[in-house]
Structure formats: C-alpha cells, structure tokens
Amino acid sequence: MIVIGGGATGLGVALDAASRGFKTLLLEQSDFAKGTSSRSTKLVHGGVRYLAQGDVKLVYEALYERGLLLQNAPHLVNIQSFVIPNYSWWNEMLYGVGLTVYDLMAGRYRFNKTRLLSGKKVTNLLSNIQPNGLKGGVQYFDGQFDDARLALNLAQTCAEQGGVLLNYVQVVQLLKDSSGKVAGVKAKDLESGQEYLLKAKTVVNATGVFVNEVLQMNAPTQQPLVRPSQGVHVVLNSTFLPGENALMIPKTPDGRVLFAVPWHNHLLVGTTDTPLDKNSLEPQALDQEIDFILETAGKYLVRKPTRADVLSVFAGLRPLAAPTKNTNSTKEISRSHKLLVAPSGLITITGGKWTTYRRMAQDTVDKAMEVGTLPQKACVTSSLKIHGHATGKAASGHLSIYGSDKSLIQDMMAERPELAAPLHERFPNTAAEVVWATKNEMARTIEDVLARRMRILFLDARAAIDMAPKTARLMAEELGQDAAWERQQVQDFTSLASNYLLEPYTPAEAMTAPAMSYKTN
C-alpha cells in the first residue's frame, strides 16, 4: 500500500496498514504534520459543538477515540479542565444538562464528572474572568494534546511496525495499468531531485486540504471533494489566564466555539471559521480573524489582550467534506469523514478531525483490503501503544512530551554536557533536543525542529527566530552541511517565522549570532 500524505489521516492509515502486516510506504511532500495537523486547537474531544447540532453518532465515536488516545499515548494526551462562565441562569441549566449528557455518552471512557459552579468558584478557577454579571459556570473535562508530536510518534510507531515513511518526497503522477487501474505513483525526492516509479496494489489519497489535487491527477474533470475552512489561533503569555483551567465560550458571534487553553506554559486562544477557496501549506491569518479572537476573548477577561500581547499567530486549513449544494457556511459542511473509491481504484479519505484519526484509518484499510484484493487482517490499533508510551506520565519537565525517549535525551546530555545548554533564555529546550530531532526524528530543516519537534514557532515566533542560528549550526554538523546551508536555512526560517508575528522583525541579530562550538558524533 502507498499512502499519500503525512498528516494525521495519512499517518493513521499507514500505521494501521503496517500493524496488520501489509507492506506500507507513506510519502509526504513536506514534513510530517506540516499542514493542518500541526495547527489544531490541541484538543482531543468529542465535540460539544456537534452534540449541540445533534450529531450524536460523531460525538459517540470521538469520545470513544478520545479514551483510546489517553490510553495509548499518555505522554502526549492530558485530561484538561474546561470552565464555561455563565452570565444567565438559562445558559447554566442548558450547558449543565448538555455536558452531563456528554459525560454519560463517554461511558467507561469518561474523564471526570461535570459540575455546576457558583460565581465565586468560577473566579477562583479563572482568576482573570470578567466578574460583572457572572451568575455561575459549568466545569467539564476533555482532552488536550500536542498535535505535531503525536503525528511524529505515529510515524515512529509505523516504522516500528515495518512501515517506510519519507518526508520531502512529492507524488507527481499516478501510475495506471493497461486497464486504467491505479498501480502506483511517480514520486520526486525534493532534496535530491531524483524521481521514482513505485508500484503498489492500493494507493490511498490522504492529503487533507490537497485531496482535490490528487483526485484531479486521477481524473482531471473530478469535482472538488473538500472545501477548506481557515482556523486562526493566537498565543499569549499564560498570565492572561493563570492556572491549569481552560476557558470555553460555547457560542461566539460567528457561531463557533472559542477556547483559551493552557499549552506548554502559554495560552492558546482560538479559533475562527473562515471559508476559503484556495489551499496553502502556509496559510496567512487575516487581520479581521486576529481582531475577532482578541475582541471576543476580551469580552470575558478583565485584563484584555491586544495585538501587542500576541507572541505568535498561526492559521490552519480544515479539510471539510464539501457540501453538495453551494454554500458559504462551513457549518453546513460535515466533520464526519468520507471514504471514496474511484473507478480506477484510487482510495480517498477526507474530512474528520484529529480525535477520530484512528477510526478513519481503520475504515480506510478495511476498504483497501477489499479494493486491492488483499488478505483479510483484523485492525489492532485500538490497543497498540504509540511510540513514547510511558506509564510514568506524571513526570514533570518539558522533556515529558518525549515519553520513554526522555531518558535517552537525558543520557545524551550526561555524556556531552555542552548539549545541555539552553537554546533561549525564555525556554528550557536544549541543544540536545536539536541533535535528537535530527538523528532520530527525521528533521531536515530548522522549521522541522522549531515548528514541529519543539513547537517554539507556534509559542513565541520571535524566540524561534532567535534560536535559528544555533539550531542551524547543530543540524549542519549532524547532517554534514556547510556554512552556506546554515545561512540559507536561517534566512528561509526567518522569512517564514516573520509571518507568525504581528510586528515586523529585523533579522540582523539572528543572522549575526555568534558561532557555536558544539560537536556531534
């Protein structure tokens, strides 16, 4: 099986296929989770919004998958407390009843019990909440995670199951046999320029918002299957919502839920819902989206965030299954996944969300066995532990996201104390993590390390730019690259990271940072 796309869906399909014993190859044109899958609201949830819309089946499925994720990747998935402040008695009853039903639907995978709160208790849990008119609130519990790290761990688990995964390899053509059936792909290594003809019994299109492009490789007249919707998040200092509780606003003026969630000692606030007609690997946040988030959050916070407080802003495109009629409202577009088999045998999986990636993969591989006349093998991923799984989940420190790999990074620093040096005064991340990501996590660029292996770009874009020269030096020594490669990497990353800032950045300081003397084996 060849899987096109290295986001949540493609990685899930590849892992499912490899764990059933099929020879599996995954090809990703950029880095794993470069697109939508690293740009989520970082929630593993059933979807309170979908319960309100009456999509009970989707909520049941997502709550079940939420429980499996906590069980199989406890180093990355945490139980998160959410508080809904209520400024009317009616809302308190409405949300209290609805979230109690949400609890019951989770069954044995329920996290903690929903409870009604007094106004005083709400202000104790959310110290910066607007107290004027506050009647009370509801506390409920859902999941929170690191999306790009989970994607990477899925790739590692797939490799451990015998799968082969390549980033920076782009599929440029579908190969077909004499009867018009898809029989493989033509792919180009974007680093070397070399092209390959790769044969397979089944090919799966799991490219998210780029799904239409692959469908048109198969049939140029194919109508679009997905409609992208842009979601924007801003990241603030954690002092805007001190403590461990998240704020949830069930209904904003655009009809979407707004979250303010603690994440890696920062505060992630979002998201918007803007229909778009074009795709991009680096979508840009619109000014009106940023202003909408800040203004909406400001209505509920005593200390109101401004544009000057934003440490990073990022946009992601959701691959929502397209409606059958013309509409400008993404609320009419399903979040359930869709599975399509073309007459040529090309299998396409689209829609869905991070929480249900495993079920999407199971359905896809089940279909692939049928389409490719493969031997019938049962899915095993519901109980398969994901790379990094560690029972000592409560371990503290920023290295805890590495799970069972944490001790190996600590060993590296013990053997080579110079690698224990921090990369930036505002972050605990060390040089050892750069070396680790390059040696063991397929990082090929500064962006791979600072955006998705360590998440700095998404937390504080200015700090990420400051880290770029040190990161480039460490990677160059590990990869055998020269000074010209370092300079180009720093230049490219600085240009990209500037789009995550609301104020212009002058790259002179980053470009002239002193050289480092780290040596790698």
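Me: In which helix is the place of Met93?
Reply: The model is predicted: local features need pLDDT of at least 70, side-chain atom pairs count only at pLDDT 80 or more, and totals for chains, interfaces and linings use all residues. Residues are numbered from 1 along each chain as its sequence is written, and side-chain values use heavy atoms, without hydrogens and water. Helices (H or I, at least four residues) and strands (E, at least two) are DSSP runs, numbered from the N terminus. Met93 falls within residues 89-106, the run that forms helix α4.

Me: Is Met93 buried or exposed?
Reply: A residue is buried under 20% relative accessible area, exposed over 50% and partly exposed in between (1.4 Å probe, protein chains only). The relative accessible area of Met93 is 52%, so this residue is exposed.

Me: How much accessible area do Trp90, Met93 and Leu94 have together?
Reply: These three residues form a nonpolar patch on the surface. Patches are made of residues with over 30% relative accessible area and no salt bridge, like charges being joined within 9 Å and nonpolar side chains (Val, Leu, Ile, Met, Phe, Trp, Tyr) within 5 Å. Areas come from the Shrake-Rupley method with a 1.4 Å probe, and for residues only the protein chains shown count as cover. Together, Trp90, Met93 and Leu94 have about 360 Å².

Me: How many residues of strand β14 are buried?
Reply: On one side of β14, Leu258, Ala260 and Pro262 are buried, and on the other Phe259, Val261 and Trp263 are buried, which leaves both faces covered. The strand, residues 258-263, is mostly covered, and its count of buried residues is six of six.

Me: Which residue takes a positive phi in the hairpin of β14 and β15?
Reply: Five bridges join β14 in antiparallel fashion to β15 (residues 266-270), and Ala260 has Val269 as its bridge partner in β15. The hairpin has two residues between the strands, and the residue with phi near 50 degrees is His264.

Me: How many residues apart in sequence are the parts that Arg455 and Asp146 tie together?
Reply: A salt bridge requires a side-chain nitrogen of Lys or Arg within 4 Å of a carboxyl oxygen of Asp or Glu, and the closest N and O atoms of Arg455 and Asp146 are 2.7 Å apart. Arg455 counts as buried at 0% relative accessibility, and Asp146 is buried at 2%. Arg455 lies in the loop between α12 (446-453) and α13 (456-459) and Asp146 in the loop between β6 (136-145) and α6 (147-160), so the sequence separation of the parts they tie together is 309 residues.

Me: In which helix does Arg473, the partner of Glu486, lie?
Reply: The side chains of Glu486 and Arg473 meet in a salt bridge at 2.8 Å, N to O. Glu486 counts as buried at 13% relative accessibility. Glu486 lies in helix α15 (residues 483-497), whereas Arg473 lies within residues 461-479, helix α14.

Me: How many salt bridges does a search of the whole structure find?
Reply: Salt bridges that share partners join Asp31, Lys34, Arg39, Glu282, Glu447, Asp448, Arg452 and Arg453 into one network. Over the whole structure, the number of salt bridges found is 27.

Conventions
Two strands pair if DSSP finds at least two bridges between them.
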